[in-house]
Every structure is written in C-alpha cells, then in structure tokens.
Amino acid sequence: MADPFDSALDLLRRLNPKDTTENLNRLCSLVPDLTEDLLTSVDQPLEVRRCKKTGRDYLLCDYNRDGDSWRSPWSNEFDPPVSDAELPSERVRKMEVKANEAFDVYRELYFEGGISSVYFWNLDDGFAGVVLLKKSVNPNSNSSGSWDSIHVFESAERARTAHYKLTSTVILNLGTESESLGGMDLSGNMTRQVEQDLPIDGDESHVANLGRMVEDMELKMRNLLRTFLPNCLGSLSVFLLTTEQRKSISGRLGTLLEI
C-alpha cells in the first residue's frame, strides 16, 4: 500500500499550482494526521497580513506560524497572541531586524513595490531563516500575475567562515480572462539549491552574505524563467492560444520577470 504522505504530495504535483493552498486545505481536512507534515513540506503562494502593532504588512508561511497564529517580523509578536511561543534569541532577533531592513530596500529597488518579510530562528549549531518576497500585478479586473519567492537557509559558523545552505523556490502565476478570448492560466514553480562557505566578521556579515546569495539566486532563476517560459508559451500558442491571449500573457510575464 502506498504511503499516504507520498500519495498526497504526488496528488498536489498533478493539480494546478495556482490552487495549491485550497487543495492543501482540502487534503488536511481529509487526513488531519498529515497536516503538520504537509504544511512544512509544500510551498504555497504567500498570504499577507497586517501587523496590528506597527500597521505594516507582512507575509505568512510555515516558518512564522505557531498553530493558527503568525509572528510579525516588525513587532516580533504573534497574532493572535501565543503565551508559550518560541521566539528567536536576542542575538538572532537583532540579525532578523537588520535583515528585514536590508531586504526592504532590496524589494523596493528590484521589485518597485510588493512585500518582503524575513524570519530567523535558532539552531543547535547556528541559526536558520527564510526570506520571503511577493509582487502582484493586476492591470485590470480580468488579468492578474504574481511572483512569490521563498528562500530558506541554514548557517553554521566555522571559525572565521560560515557554511550556508540555501534552498530557493519561485512560484509564478499568470492569468487572463475575457468574453472574446476565454480564460487562460499559466502557473508553476521552480526550486534550486546552493551551498557556500563565506567569510564572516561579526553578525552583520551574515546579513550581507545572505543578501548576496539571495540576490544571485533570484537573478539566476529569473534568467531561467525568461528563457523557459517564452519558449513554453510559444509552443503552447501553436495549439491552444490566440494571438491576443499570447500577447496578454507575454505582457504580464515581461512585467514580472523584468523586476
């Protein structure tokens, strides 16, 4: 008999990536025992919440979740409040604050909008974290597009160097619908991984090293998507798309990939 967890992952891979969150919730309702394993294993489009204390938006993922509560990177508080929540140590929290400031600048420079959030947590031999970036494009009520990138890393210090392991996932969604053209949806995700040993000189070096690694990874993945998706769209258009549909989706694809 097939393992239920493997079967659930296989099913999610065969369904529309745009509906990952909805399908994941359905699977968790059908098989509650798999909820934690599925939520920690499946990347899904990032959701947005507003910090009640600071009024700033932040992104939700499994790494800032405790049950049904999420921690804001701006206030370091859970909403709804959690009495026994595990928070990063003082040292790691200071790095988390610096990283949020740095990636807020990165987001504005590269994405010209959108939302970013960074979360750090302690490990026995170092620390880990996740960098989240989201940009949505909605030129009109019948068209939409979104870019969600999730960069999970681990850091282990070795004297004057640190070993970093970075796993990056990009979730891309493009859609258009009209009476004359009908509906069209192009969704998918890509995951890449890299490991590097980099010099460190104080905790701020970790933020700088992480920034360079994430920037390089996003550039590589964006270039891969620039090459792959137009070719895919061109092949698909021969059989399924009208010229207007192809131009509509290509325009939003260009907007997202030129960030």
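Let me start with the rings: F103, Y106, Y110 and F111 form one aromatic cluster, where rings of Phe, Tyr and Trp (its six-membered ring) count as a pair if their centres lie within 6.5 Å. Before I go on, please keep in mind that this is a predicted model, in which local features need pLDDT of at least 70 and side-chain atom pairs count only at pLDDT 80 or more, while totals for chains, interfaces and linings use all residues. Residues are numbered from 1 along each chain as its sequence is written, and side-chain values use heavy atoms, with hydrogens and water left out.

The structure holds seven aromatic pairs, and one of them, formed by F120 and F127, is tilted, with 5.5 Å centre to centre and 40° between the planes; planes under 30 degrees apart would count as stacked, over 60 as edge-to-face, and the rest as tilted. Are F120 and F127 buried or exposed? F120 is buried, with a relative accessible area of 2%, and F127 is buried with a value of 2%, where buried means under 20% relative accessible area, exposed over 50%, and partly exposed in between, with a 1.4 Å probe and protein chains only.

Now to helix α2, which covers residues 20–30; helices here are DSSP runs (H or I, at least four residues) and strands likewise (E, at least two), numbered from the N terminus. In α2, the residues T20, T21, N23, L24, L27 and C28 are buried. Why do they line one face of the helix? Seen down the axis of α2, the buried residues fall within an arc of 165°, so they line one face, the arc being that of the directions from the helix axis to the C-beta atoms. On the other side of α2, S29 and L30 are exposed. The buried residues of α2 pack against α1 (4–14), α3 (35–41) and β1 (47–50), with contact meaning heavy atoms within 4.5 Å.

Finally, the largest pocket has a volume of about 420 Å³, that is, the space filled by probe spheres set on grid points joined across faces, edges and corners. A pocket is found on a 1 Å grid over the protein atoms alone, as an open set of points where a 1.4 Å probe fits, with protein on both sides within 12 Å along at least five of seven lines, and lining residues have an atom within 4 Å of a point. This pocket is lined by 19 residues, of which L39, Q44, L60, C61 and D62 lie nearest its centre. The largest share of the lining, three residues, comes from α3.
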